[in-house]
Amino acid sequence: MRACPSCDSEKIRRGGMTIWLVYVALIALGIPAVLILHLDAAIVAGIMIAVVILAHLLFNQRVCLDCGHQWKG
């Protein structure tokens with residue numbers, strides 16, 4: 001695992017604002033899909049998990065836990 005390009009810290013994780021935006025969008029779409037459209041919650045949850053995995057693979061964003069710097073890793 002590489003170090004942070006800003007502060008050279010080894011404490012980095014996957015994530016960042018783009019990934020959080022995907023999480024919030026999925027929750028905002030998933031709740032009405034289950035409650036209003038009466039879709040099966042297990043199917044909606046499976047689709048949400050698949051989209052989260054794809055988002056992590058496609059965006060490949062990293063965030064430093066010490067300084068908060070975000071970069072494409």
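L37 sits in the loop that joins α1 (17–35) to α2 (41–59), where helices (H or I, at least four residues) and strands (E, at least two) are DSSP runs numbered from the N terminus. The model is a predicted one, in which local features need pLDDT of at least 70 and side-chain atom pairs count only at pLDDT 80 or more, while totals for chains, interfaces and linings use all residues. Residues are numbered from 1 along each chain as its sequence is written, and side-chain values use heavy atoms, with hydrogens and water left out.

With a relative accessible area of 59%, L37 is exposed; here buried means under 20% relative accessible area, exposed over 50%, and partly exposed in between (1.4 Å probe, protein chains only). L37 also belongs to a nonpolar surface patch of about 640 Å², made together with I27, I31, L35, I36 and L39. Patches are made of residues with over 30% relative accessible area and no salt bridge, with like charges joined within 9 Å and nonpolar side chains (Val, Leu, Ile, Met, Phe, Trp, Tyr) within 5 Å. The areas come from the Shrake-Rupley method with a 1.4 Å probe, and for residues only the protein chains shown count as cover.

The strands form an open sheet of three, in the order β1-β2-β3 with antiparallel pairing. β1 (12–14) and β3 (70–72) are the edge strands, each pairing on one side only. From one strand to the next, the twist averages 30 degrees. β1 pairs with β2 (residues 61–64) in the antiparallel sense over three bridges, given that two strands pair if DSSP finds at least two bridges between them. R14 stands opposite R62 in β2.

Finally, one salt bridge is counted, the term requiring a side-chain nitrogen of Lys or Arg within 4 Å of a carboxyl oxygen of Asp or Glu. The side chains of K11 and D66 form this contact at 4.0 Å, N to O. K11, in the segment before β1, and D66, in the loop between β2 and β3, are 55 residues apart, so the pair links distant parts of the chain. K11 is partly exposed at 49% relative accessible area, and D66 is likewise partly exposed, at 47%.

Key: Axes fitted to C-alpha atoms, helices over the stretch in contact; angles between N-to-C directions.
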